[in-house]
Amino acid sequence: MSEYLNKNIKTTDRLRWRLEVDHGKQTWHYLESNDEIKNWPQTACDRYWLGLSYNIVDGQSKHSPPKSALEAVYNGYKFFKQLQTVDGHWAGEYSGPTFLISGFVFSTYITRLSIPQAWKTEIITYLVNTSNPDDGGWGIHVEDHSNLLGTTLNYTALRILGMDPEHPVLVKSRALIHKLGGAIAIPSLGKFWLAMLNLYDWNGVNPVLPELWLLPYKSPLHPARMRGPIRASHLSMSYLYGRKVTEKINPLIEQLRLELFIQPFDKIDWSAAKNNVCEADIYFPRSPALVVTNTVSNIWNKFQTILGLREIALKKVYKLMKLEEFDSNYVSTCAMDKLFRLICAYHKEGPESEMFLNMKEKIANYIWMTPNGMLMNYYDGSQIWDTSLAIQAIIESGLANDPDNHESMIKALEFLDDSQIKNNPTYMNQCWREPSKGLWCFSTREQGWSSNDCTAEALKAVLLLQGKLDYTQPLINQKRIQSTIDTLIRRQHSNGGYSRFEGIRGYCWMELINPSEIFENTFIEHTYVECTSSVMTALRVFSKFDLVDHYVDDIDMQRKDGSWLGSWGICFTYGTMSALQGLSSVGENYENSEYVKKACNFLISKQREDGGWGEDYKSASGVGQYIQHSNSQVVNTAWALLGLMYAGYPFSEPIINGIEFIKSRQLPTGEWKKESFKSIIGKNCPINHSNYEFIYSIWALGMYSNLYESDEYYGVWEII
């Protein structure tokens with residue numbers, strides 16, 4: 001990861017931090033007293049995520065270089081197994097945007113919540129460590145170029161946390177803000193946050209109309225047609241905009257107005273500022289359709305009081321928010337939505353209300369500690385997803401048959417049993433949700449938002465655990481499995497593909513009115529090659545369906561160069577691996593399919609001299625072509641190898657070279673160090689999926705060992 005560690009910044013005593021888990025929920029705690037430390041010893045898992053030294057593998061900290069892929073797998077899982085938590089899941093970081101932690105600071109400031117001193121210290125540590133040492137700025141994420149959004153929001157957060165404006169970090173970042181024209185040209189998300197902080201005038205923010213929620217659902221503009229997390233954010237933002245929630249003026253706000261702008265605050269033409277966005281922040285230019293939409297929205301906003309609909313709309317919006325929060329057990333859909341809704345509850349009901357207190361309690365679910373300080377995860381984790389993939393990797397490698405690993409697999413099965421959704425959302429119809437009983441979420445059952453691909457991967461893991469291993473109990477019975485299968489089949493789109501959270505309700509043209517300058521293709525649901533592959537392979541493992549016709553959609557999505565573009569992983573490597581895995585489940589391989597042959601040739605063409613593969617997250621944006629990373633990456637390499645092996649690629653030399661690369665990156669402890677981003681959201685927001693180096697390295701090495709180092713191969717399609 002391209003983080004910039006500042007050796008001089010103050011940190012807390014890392015030996016006092018502990019990770020607590022409960023049914024998947026993961027929260028960090030700082031122990032103040034020595035008695036607490038004595039009664040709650042720090043685990044190897046705690047120390048690993050904090051970046052502390054550890055002696056984690058049965059008293060043996062180092063292994064000799066592995067002689068085979070199987071030995072590398074054994075060493076890797078011996079280490080990775082120690083990171084499994086007591087409730088059976090693998091915890092980890094799922095971070096991306098640096099401005100999430102600044103949003104946390106803003107929401108607690110507006111709602112008068114006190115941030116614990118240890119948290120303050122570590123948030124400051126993280127922001128200082130991730131500022132660009134050259135210009136003092138921040139981008140959307142730690143590998144991004146500095147821009148006005150990241151720099152302004154993180155600068156403001158540091159000032160709220162008490163950092164002196166003459167601190168060297170802030171002096172440098174303030175100079176960059178001024179160089180970029182001042183906060184006046186911050187993108188729409190930044191304008192929204194600053195307006196709530198009284199650092200921007202609401203007249204400079206394009207409307208987020210709550211009245212849209214009064215439209216009949218048949219209207220193509222009804223927000224329920226948006227993708228689930230997007231409409232949830234629209235719901236809370238429309239309330240905040242409709243109420244013009246604004247922090248009271250105080251000396252700090254007055255001082256920040258002087259620091260963030262290059263012109264007097266009271267002289268700014270706010271109406272003209274609405275569409276003023278810094279060039280460094282325009283990743284996806286506004287479409288003409290969005291310009292027209294904003295114009296119409298602004299006209300409506302001037303006259304909406306005549307019809308008296310604003311108050312009616314705001315009452316409905318807040319009621320919907322309360323119903324949604326009840327169904328997500330007040331965890332919310334994602335971090336940004338959690339922060340906005342915390343402010344909504346404070347504004348509407350006050351700090352002692354049940355709604356606000358419930359929202360406040362679940363903030364810690366998103367907070368994560370790293371060697372570089374405290375950040376905020378994009379979701380409340382990736383617990384179910386990571387655990388489901390880890391199980392498949394371990395079973396594919398054959399390590400699940402080792403008696404030393406039985407307890408680990410039993411605990412993982414118990415976690416997936418506990419994590420399956422047992423009931424549909426209570427307010428499913430009122431909130432335009434879909435049935436989710438029998439499905440799984442991305443993070444925890446408590447969060448409540450089911451996902452098609454997460455369900456499919458969890459189902460595969462359960463089927464393997466209960467069907468392949470003779471020492472596990474059938475915790476998830478046939479009735480529950482059948483319920484999952486039936487729901488997945490009902491969720492298939494008419495084109496044969498699968499979306500992520502819900503069915504496709506919106507229209508493609510709605511992407512043209514996406515108001516964000518930093519994310520693309522996130523406004524509505526789409527079908528995705530990786531989601532489709534996950535479901536189809538799960539149904540194949542279930543061994544009940546003739547699936548040949550279902551991959552028409554995936555084949556149609558193949559590009560002329562033989563690749564598929566992934567939407568949730570980086571990027572062409574991940575998409576192509578997913579497609580090849582899915583196609584292999586219906587019998588298509590290198591020998592009998594031109595589609596598969598083209599895909600393999602594409603992957604081979606991207607292999608580097610060191611035997612590895614390395615793709616940059618920027619492949620997802622712009623013209624949409626494969627962009628080489630500056631270095632080969634373990635996870636990209638594992639994906640490419642898995643794709644080739646699923647396809648039955650007949651030439652072994654490239655595969656052997658790739659395996660040797662993964663082995664060469666394995667440390668004597670058995671671990672693989674974190675490298676660059678592995679996942680992506682909205683074509684421009686890469687995500688640090690912190691367990692992928694372990695999961696996919698073990699998976700690729702294990703499959704290779706079965707194919708090339710064993711007399712008998714037990715592939716994923718032969719295990720049930």
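Leaving out neighbours within four places in sequence, R227 touches Y379, F501, T522, F523, I524, E525 and W568. The model is a predicted one, and this tour begins at that residue.

**Stop 1: R227.** Select R227 and show the chain on either side. R227 sits in the loop between α8 (188-196) and α9 (228-243). Is R227 buried or exposed? Its relative accessible area is 3%, and since buried means under 20%, R227 counts as buried. G503 is 276 residues from R227 along the chain, yet the C-alpha atoms of the two are separated by 9.0 Å. Keep W568, one of the contacts of R227, in view; W568 comes back at the last stop, in the lining of a cavity.

**Stop 2: E122.** Now select residues 117-129, which form helix α5, and pick out E122 within that helix. E122 is buried, with a relative accessible area of 0%. Which residues does E122 touch, not counting those up to four places away in sequence? They are T11, T12, R14 and W17, together with M369, G373 and M374.

**Stop 3: the largest cavity.** Rolling a probe the size of a water molecule over the atoms shows where empty space is left. In this model the count is nine cavities of 30 Å³ or more. To find the largest cavity, select E457, M577, S578, Q581 and Y696, the residues of its lining that lie nearest its centre. The space in the largest cavity is about 130 Å³, and its lining has 15 residues. Colour the elements that give two or more residues to this lining: α16 (383-397), α18 (452-468), α20 (529-542), α22 (572-585), α24 (634-646) and α26 (692-708). Helix α22 provides the largest share, four residues. By class, eight of the lining residues are nonpolar, four are polar and three are charged.

**Stop 4: the second largest cavity.** Select Y94, W385, F442, D453, R500, W568, Y574, S679, I680, I681, H689 and Y692, which line the second largest cavity. About 80 Å³ of space lies inside the second largest cavity. Which element gives the largest share of this lining? Strand β8 (residues 679-681) does, with three residues. The lining of the second largest cavity divides into eight nonpolar, two polar and two charged residues. W568 is among the lining residues here, and W568 is also in contact with R227, where the tour began.

Definitions and conventions. Residues numbered from 1 in each chain as written. Predicted model: local features only at pLDDT ≥ 70, side-chain atom pairs only at ≥ 80, totals over all residues. Heavy atoms only, no water. Buried < 20%, exposed > 50% of the residue type's maximum accessible area, 1.4 Å probe, protein only. Contact = heavy atoms within 4.5 Å. 1 Å grid on protein atoms, 1.4 Å probe; cavity = no way out; pocket = protein on both sides within 12 Å on 5 of 7 lines; lining within 4 Å. Points joined across faces, edges and corners; volume = space filled by probe spheres on them. Nonpolar A, V, L, I, M, F, W, Y, C, P; charged D, E, K, R; others polar.
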